[in-house]
Amino acid sequence: MTGGATASARATSQYATTTGNLTARMALHSYGTNPQDWFAWLGERLPLSGDVLEVGAGTGELWHRIGYRPRLTLTDFSPAMCARLREVPGARVLRCDATHLPFRTGVADAVIANSTSTT
Ligand SMILES: C[S@@+](CC[C@H](N)C(=O)[O-])C[C@H]1O[C@@H](n2cnc3c(N)ncnc32)[C@H](O)[C@@H]1O
């Protein structure tokens with residue numbers, strides 16, 4: 001992939017067929033010096049009830065790390081990521097592009113899009 005590729009093209013080449021690149025990137029977080037883990041920080045700020053939609057949810061790591069689950073819809077454009085997301089108990093999983101979400105306004109109480117490209 002060249003330096004001139006769009007963020008979306010780079011995401012497609014990294015994530016479409018494998019979860020390995022994302023898993024390797026997340027392993028780097030173990031070298032972080034922040035006293036609070038990112039997923040724990042985020043989990044403290046999410047609603048404890050209602051509907052949460054995550055766009056570009058990757059491997060769904062957040063939901064394996066925090067101790068509760070609201071009603072969840074998880075989306076990603078990668079078939080490989082969606083296969084992993086189906087391992088999150090109780091979650092509805094949809095494969096779709098973040099730039100063309102098939103949801104009406106107000107469908108969720110909170111929407112998360114963490115490190116997801118839309119260009
Ligand atoms: C860096 S990972 C972050 C995963 C997750 N949000 C997290 O924080 O662990 C980016 C994810 O967004 C997905 N993604 C990137 N651009 C997307 C787009 N335009 N539509 C849907 N998914 C996208 C990728 O397939 C990848 O799973």
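User: Which residue in β2 stands opposite Leu 53?
Analyst: That's Thr 73. Keep in mind that this is a predicted model, where local features need pLDDT of at least 70 and side-chain atom pairs count only at pLDDT 80 or more, while totals for chains, interfaces and linings use all residues. The residue numbers start from 1 along each chain, following its sequence as written.

User: How do you know that β1 and β2 pair?
Analyst: Strands are DSSP runs of E with at least two residues, helices are runs of H or I with at least four, and both are numbered from the N terminus. Two strands pair if DSSP finds at least two bridges between them. β1 and β2 have five bridges, in the parallel sense, so they meet that cut-off. In one of these, Asp 51 has Arg 71 in β2 as its bridge partner.

User: What makes β2 and β3 a pair?
Analyst: Four bridges join β2 to β3 (residues 92–95), and the two run parallel. Thr 75, for example, has Leu 94 in β3 as its bridge partner.

User: And how many bridges does β1 have with β4?
Analyst: Three, again in the parallel sense, with β4 covering residues 110–112. Val 52 has Ala 110 in β4 as its bridge partner.

User: Why is the unit of β2, α5 and β3 called right-handed?
Analyst: Picture the strands pointing away from you: a crossover is right-handed if the path from the first strand over the helix to the second runs clockwise. The β-α-β unit made by β2, α5 and β3 is right-handed.

User: Why is Gly 20 called exposed?
Analyst: Count the other C-beta atoms (placed from the backbone) within 10 Å of a residue's own: 20 or more is buried, 12 or fewer is exposed, and in between is partly exposed. Gly 20 has 11 such neighbours, so it counts as exposed. Gly 20 is found in helix α2, residues 20–27.

User: Is Leu 94 buried, exposed or partly exposed?
Analyst: Partly exposed, because it has 16 other C-beta atoms within 10 Å. Leu 94 also touches Thr 73 and Thr 75, leaving out residues up to four places away in sequence; touching means C-beta atoms, placed from the backbone, within 7 Å.

User: What makes β1 largely enclosed by the rest of the structure?
Analyst: Four of its five residues are buried, so β1 is largely enclosed.

User: Which residues have the most contacts inside the largest nonpolar core?
Analyst: Trp 63, Leu 72, Leu 74, Leu 85 and Val 88, out of 13 residues in that core. Such a core is a set of buried Ala, Val, Leu, Ile, Met, Phe, Trp, Tyr and Cys residues joined through C-beta atoms within 7 Å. At least two of its residues come from each of α1, β1 (51–55), α4 (61–65), β2 (71–76) and α5 (79–85). β1 gives the largest share, three residues.

User: Which residues come nearest to the ligand?
Analyst: Tyr 15, Gly 56, Gly 58, Phe 77 and Ala 98, out of 20 around it. A residue is near if its C-beta atom, placed from the backbone, lies within 6 Å. Helix α1 (residues 7–15) gives the most to this shell, three residues.

Technical notes:
Two residues are in contact if their C-beta atoms, placed from the backbone, lie within 7 Å.
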